[in-house]
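I opened this model to look up its fold and one of its helices. My entries are set down below.

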Amino acid sequence: MASTANAHQGPVLFWCGVAAAEFGAIQPGFGYPWSPTAYAAAALLVALGLVSVRLADYLRTEEARQRLRLGGYLAGTLLVAHQFSSTAYATGPSRVGSLILYAGAAVMAVLSHQVPQTTRPTLLIATGLSPAAVRARLAAQPGTVAIYRTERATDELRDLESGHGLILVVGHEHDPRVKERVSASGLKREIPDIAERDVVVAGPRHFKRYVGGALSRLAVPRSQIHFRSHQKV
């Protein structure tokens, strides 16, 4: 709850600054009439900006949420810049005061807007790779979890299973029990946090297509799924 409030604090403060700048810019001066339309349009645009802050919670990935917030910052900046480009409806003091409020809100929003730099753990789902290629991948990235489908469990694969935690799926590719192990339900059972991982899928085209469909049903973001050829993992 506290982290959500902190994530909203910067964007909300930013749009409050936009509102102050907008209404300061369209405040009528000497000889300039009061325009209800200008106030209604400014209120609508600012309201849309505040709604976008809430919409970010419904996006699936942090990357998408960051893009929406940055898009909102850009839209708010352009909105104020456009309003202040015309001096017909702004007096000197109101323009200066509104810009100071807006600049302070913008600086605080940007300072609070930080993308967490986290490294996701990796999951390798493969078939048809040489055991040496699997071993090299596991050695190169400690913490990587690997699921490997094979028709026959060799001694080297068993060694990887016992020494590196390789998850072996043994059987013919059309065996229903084997297909279930790499289906959405099977993958979720084996790797409960799969949606939080970078997933590398390696093997023939039909294997990658089948596993890719399972990952989509598990709501793994496309940006976290990487398809590789037989030996390039």
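The entries go from the whole chain to the sheet, then to one helix and one lysine.

**Ground rules.** I am working with a predicted model, in which local features need pLDDT of at least 70, side-chain atom pairs count only at pLDDT 80 or more, and totals for chains, interfaces and linings use all residues. Residues are numbered from 1 along each chain as its sequence is written, and side-chain values use heavy atoms, with hydrogens and water left out.

**Whole chain.** I looked up the secondary structure and found 9 helices and 5 strands; helices (H or I, at least four residues) and strands (E, at least two) are DSSP runs, numbered from the N terminus. From the N terminus the order of elements reads α-α-α-α-β-α-β-α-β-α-α-β-α-β. I noted that 39% of the 233 residues count as buried. Buried means under 20% relative accessible area, exposed over 50%, and partly exposed in between (1.4 Å probe, protein chains only). For contacts with a separation of 6 or more, 62% come from residues 24 or more positions apart; contact means heavy atoms within 4.5 Å.

**Sheet.** I traced an open sheet of 5 strands in the order S3-S2-S1-S4-S5, with parallel pairing. S3 (167-170) and S5 are the edge strands, each pairing on one side only. Two strands pair if DSSP finds at least two bridges between them. The twist averages 15° from one strand to the next. Helix H6 (residues 155-164) packs on the sheet and touches S2 and S3, its direction making about 140° with that of S3. Axes here are lines fitted to C-alpha atoms, for helices over the stretch in contact, and angles run from 0 to 180 degrees between N-to-C directions.

I then went through the pairings. S2 (residues 145-150) and S3 are parallel over 4 bridges, with Tyr148 opposite Leu168 in S3. S1 and S2 pair in the parallel sense over 5 bridges, and S1 is joined to S4, also in parallel, by 5 bridges. I checked Ala126 on both sides: Ala126 stands opposite Tyr148 in S2 and opposite Ala202 in S4.

How many residues of S1 are buried? I counted 6 of the 6, so S1 is largely enclosed by the rest of the structure. Thr122, Leu124 and Ala126 point one way from S1, while Leu123, Ile125 and Thr127 point the other way.

**Helix H9.** I compared span with length: the 13 residues of H9 (residues 205-217) should span 18 Å at 1.5 Å a residue, and the end C-alpha atoms are 19 Å apart, which agrees. The expected span is 1.5 Å times one less than the number of residues. I listed Phe207, Lys208, Val211, Gly212, Ala214 and Leu215 as the buried residues of H9. Seen down the axis of H9, these fall within an arc of 160°, so they line one face of the helix; the arc is that of the directions from the helix axis to the C-beta atoms. The face turned away from them carries exposed Arg205, Arg209 and Arg217. Cover for the buried residues of H9 includes S1 (122-127), H8 (184-190), S4 (198-202) and S5 (225-228). Just after H9, Ala219 takes a positive phi of about 65°.

**Lys208.** I looked at Lys208 in H9 and found this residue buried, with a relative accessible area of 19%. Leaving aside neighbours within four places in sequence, Lys208 is in contact with Val201, Gly203, Phe227, Arg228 and Ser229.
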